Amino acid sequence: MAQPRLAGRSRPTLAVLVLLSVTLITLDSRGWGPVDSLRRTTMDLLAPVADTADRVLAPARDAISGISGYDDLRRENVRLRDELQELRSAQLAVDGVRAQNEALRGLLDLPGLAAIPMVAAEVTTRPTSNVDQTIEINRGSGAGIEVGMPVVAGGSLLVGRVVEVSGSRARVRLLTDPAFSAGVSLPEVPEIGVASGAGADRPLEVSLVDDPATRPGVIVVTSGERSLLPKDLIVGTVTEAVQIEGELSLRVRVEPAVDLTRLEFVAVLLWKPAE
Amino acid sequence: MTALANGLRVPVVLVVALVLQVVLMGDFRIAGATGDLLLLVGLAAAVAGGPQLGAITAFSAGILTDLTLTTPFGLSALAACLVAWAVGRLQTGIWRPVWWMSPATLGIASAAAVALYALLAAVVGNSGLLDRQSLVAMAVVGGLNAVMAPAAVRVMRWALRPVAEVRS
């Protein structure tokens, strides 16, 4: 009988595959160069195929996201119309404050975010798995992008950090990825916290010493300290600040400022931390 | 030329699954989780071709998956080949399969593969996947793969037919 013979031969095959997998995991954990090269090559090889497939499959993709997100879209549309009206009023006040801030920074010779050169890019693939939150953009080392550079939307809203770069593409780890972390600060709170991603569609988590200034609605920005990111990038808004039982810390949840499910265009800040 | 074309069936299916995963699945999320077409292909190969072919195909599918992720390279391949081998062994002992067997098997096996991946990731120091969202991912991947199982098994029977003919 063929089938029992085949089943018997499968154990040595499985043993070889397991050994190979463990070897690859070990080599990757020690920073084995060919793995990064293979990933970059895969990005470059997939890019034209994915672009073509994207154009062909766009109607199907739009139908799928429309079906799966129809109710959400309708509710969000109503919410956004109300929010837009409030934001238009607030924008006028913010514009005035920003102009004043830039003028003062100029007088004091302090570099602001506006002084950092940036490269605009289009998001070509959204997160495609359940285990990491990364996107791909259509600019790479050819545009001056390097690993570690921050990625923003809308000028100063933090999206994530570049983790892989090929000639024409770059992979960006979103701030919701569990492997993402950044030093953050809140206004009127002296302590700096570390914000960590907690997965897709989930707020970031920050642990801070209990302080009455930490309350829902407060804006969280990058601290520039204990961080590989420049200062004053907007991370998000505090949605919850809960006292941890038996400790002096607060567990703070921060909703990202950017809607990461609808990213289409981002900018990479050509910035590296001072050595 | 015919032999070459026949031998390329499985790699072609794997590449098509990879492209579809990258282009389509990013926009298709249920409760924040998405499907895993490459895992489906590997497990379907186990149903269609037995434990040895299933483990090899699932390992290859896992390598392709790992090339598009930032998590430890080889982890998807390890989880997928172990589960595919188990599925293949289970299927080998069944002489009179019923219609619901492959959807049920692939659904449960897919959920098990997601769980195994999270456990293995914790072993290598990435414990961020051991959370409630992994349970959601298990349900979504298991459910979607169960629905797509009949078509996937048919495709893998076609793709593995030249290999099965050579062995017999």
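**Close-up views of the predicted model of chains A and B**

**View 1. Polar contacts across the interface of chain A and chain B.** Between chain A and chain B, 14 residue pairs are in polar contact, both residues having pLDDT 80 or more. A polar contact is a pair of N or O atoms within 3.5 Å; within protein, one atom must be able to donate a hydrogen and the other to accept it, and residues adjacent in sequence count only if both atoms are side-chain atoms. pLDDT is the predictor's confidence in each residue, from 0 to 100. The elements of chain A that give two or more residues to the side touching chain B are α1 (2-29), α2 (33-108), β4 (157-165) and β5 (170-174). Helices (H or I, at least four residues) and strands (E, at least two) are DSSP runs, numbered from the N terminus. With 16 residues, α1(A) supplies the largest share of that side. By class, the side of chain A that touches chain B holds 24 nonpolar, 13 polar and 13 charged residues. Here Ala, Val, Leu, Ile, Met, Phe, Trp, Tyr, Cys and Pro count as nonpolar, Asp, Glu, Lys and Arg as charged, and the others, Gly among them, as polar.

This is a predicted model, in which local features need pLDDT of at least 70 and side-chain atom pairs count only at pLDDT 80 or more, while totals for chains, interfaces and linings use all residues. Residues are numbered from 1 along each chain as its sequence is written, chains are lettered from A and ligands numbered from 1 in the order in which they are written, and side-chain values use heavy atoms, with hydrogens and water left out.

View 2. In chain A, 50 residues are in contact (heavy atoms within 4.5 Å) with 47 residues of chain B. The area buried between the two chains is about 4,400 Å², of which carbon and sulfur atoms give 67%. Buried area is the accessible area (1.4 Å probe) that two parts lose on being put together, summed over both. The rule finds one salt bridge across the interface of chain A and chain B. A salt bridge is a side-chain nitrogen of Lys or Arg within 4 Å of a carboxyl oxygen of Asp or Glu. R202(A) pairs in this way with D131(B), and their closest N and O atoms are 3.1 Å apart.

**View 3. A network of salt bridges within chain A.** Over all chains, the structure holds ten salt bridges. D51(A), E136(A), E164(A), R169(A) and R171(A) are linked in a network of them. R169(A) and D51(A) meet at 2.9 Å, N to O. This pair links distant parts of the chain, 118 residues apart: R169(A) is in the loop between β4 and β5 of chain A, and D51(A) is in helix α2 of chain A. R169(A) is buried, with a relative accessible area of 6%, whereas D51(A) is partly exposed at 28%. Buried means under 20% relative accessible area, exposed over 50%, and partly exposed in between (1.4 Å probe, protein chains only).

**View 4. E136(A) with its two arginine partners.** The side chains of E136(A) and R169(A) form a salt bridge at 3.5 Å, N to O. E136(A) lies in strand β2 (residues 134-137) of chain A and R169(A) in the loop between β4 and β5 of chain A, so the pair ties together parts 33 residues apart in sequence. E136(A) is buried, at 8% relative accessibility. R171(A) also forms a salt bridge with E136(A), the closest N and O atoms being 3.0 Å apart. Because R171(A) lies in strand β5 and E136(A) in strand β2 of chain A, this pair ties together parts that are 35 residues apart in sequence. R171(A) is buried as well, with a relative accessible area of 5%.

View 5. Most residues other than glycine have a negative phi. D232(A) has a positive phi of about 75° although it is not a glycine. D232(A) sits in the loop between β9 (219-222) and β10 (234-243) of chain A and is partly exposed, with 29% relative accessible area. A31(B), also not a glycine, has a positive phi of about 50°. A31(B) is placed in the loop between α2 (9-23) and α3 (37-67) of chain B and counts as exposed, at 57% relative accessibility.

**View 6. Confidence along chain A.** Chain A averages a pLDDT of 81, and 79% of the residues score at least 70. Among its elements, β5(A) has the highest mean pLDDT (96) and α2(A) the lowest (71). Over residues 1-6 of chain A, pLDDT stays under 50, and the model has five contacts beyond four places in sequence for them. Where pLDDT is low, the predicted coordinates should not be read in detail.
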